[in-house]
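Let's take a walk through this one together. Have the sequence and the 3D view open side by side.

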Amino acid sequence: WAIPDHLVTAVLLARFYEFWQADDPPPAEALRQAQRWVRDSTNGEKTADYPWYGGAYRGRTGSAAHRMWLAARTHQHPYWWAGFTYTGA
């Protein structure tokens, strides 16, 4: 399927390179770790590591809705992370 042009796509790719460079695992394993992180992390965890991701929230910062958004795991569905595969040596 087509990969959405969304901030979480940038988060996934940034996390992939961080995992790949940090521990030097095989690229396919680094991608798997990044996919799991995107799937399991909250919006708040994503924003803590990538402050620019916070721009995905369009409401008033500090509101109850914002706190709910920070606590949500909005990328659990495979649509957001399963379309990426590693092909190579």
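We'll go from the overall layout to one helix, then to a serine, the aromatic rings and a proline.

First, some housekeeping. This is a predicted model, in which local features need pLDDT of at least 70 and side-chain atom pairs count only at pLDDT 80 or more, while totals for chains, interfaces and linings use all residues. Residues are numbered from 1 along each chain as its sequence is written, and side-chain values use heavy atoms, with hydrogens and water left out.

How confident is the predictor? The pLDDT (its confidence in each residue, from 0 to 100) averages 93 over the chain, and 98% of the residues score at least 70. Confidence is lowest in α1, at a mean of 94, and highest in α2, at 97.

Now the layout. The chain has four helices and zero strands, where helices (H or I) are DSSP runs of at least four residues and strands (E) of at least two, numbered from the N terminus. The C-alpha trace spans about 50 × 30 × 20 Å along its principal axes. Of the 89 residues, 34% count as buried, and buried here means under 20% relative accessible area, with exposed over 50% and partly exposed in between (1.4 Å probe, protein chains only). As for contacts (heavy atoms within 4.5 Å), residues 24 or more positions apart account for 61% of those with a separation of 6 or more.

Let's zoom in on α2. This helix has 14 residues and reaches 20 Å from its first C-alpha to its last, close to the 20 Å expected at 1.5 Å a residue; that expected span is 1.5 Å times one less than the number of residues. Its buried residues are P27, A30, L31, A34, Q35, W37 and V38. Look down the axis of α2 and these buried residues fall within an arc of 160 degrees, so they line one face of the helix; the arc is taken over the directions from the helix axis to the C-beta atoms. What covers them includes α1 (7-23) and α3.

Step off the helix and you reach S41, in the loop between α2 (27-40) and α3 (43-49). At a relative accessible area of 2%, S41 is buried. What does its side chain reach at 2.8 Å? That would be the backbone oxygen of W37. The side chain of S41 also makes a polar contact of 2.9 Å with that of K46. Such a contact is a pair of N or O atoms within 3.5 Å; within protein, one must be able to donate a hydrogen and the other to accept it, and residues adjacent in sequence count only if both atoms are side-chain atoms. Neighbours within four places in sequence aside, S41 is in contact with K46, A72 and R73.

On to the aromatics. Rings of Phe, Tyr and Trp (its six-membered ring) pair if their centres lie within 6.5 Å; planes under 30 degrees apart count as stacked, over 60 as edge-to-face and the rest as tilted. That rule gives eight aromatic pairs. In one of them, F16 and Y17 have ring centres 4.8 Å apart and planes at 65 degrees, so the pair is edge-to-face. F16 is buried at 8% relative accessibility, whereas Y17 is partly exposed at 42%. F16, Y17 and W20 form one aromatic cluster.

Finally, find P78 in the segment after α4 (64-71). P78 is partly exposed, with a relative accessible area of 36%. P78 and E18 are 60 residues apart in sequence and 21 Å apart in space, C-alpha to C-alpha.

How values were computed. pLDDT is the predictor's confidence in each residue, from 0 to 100.
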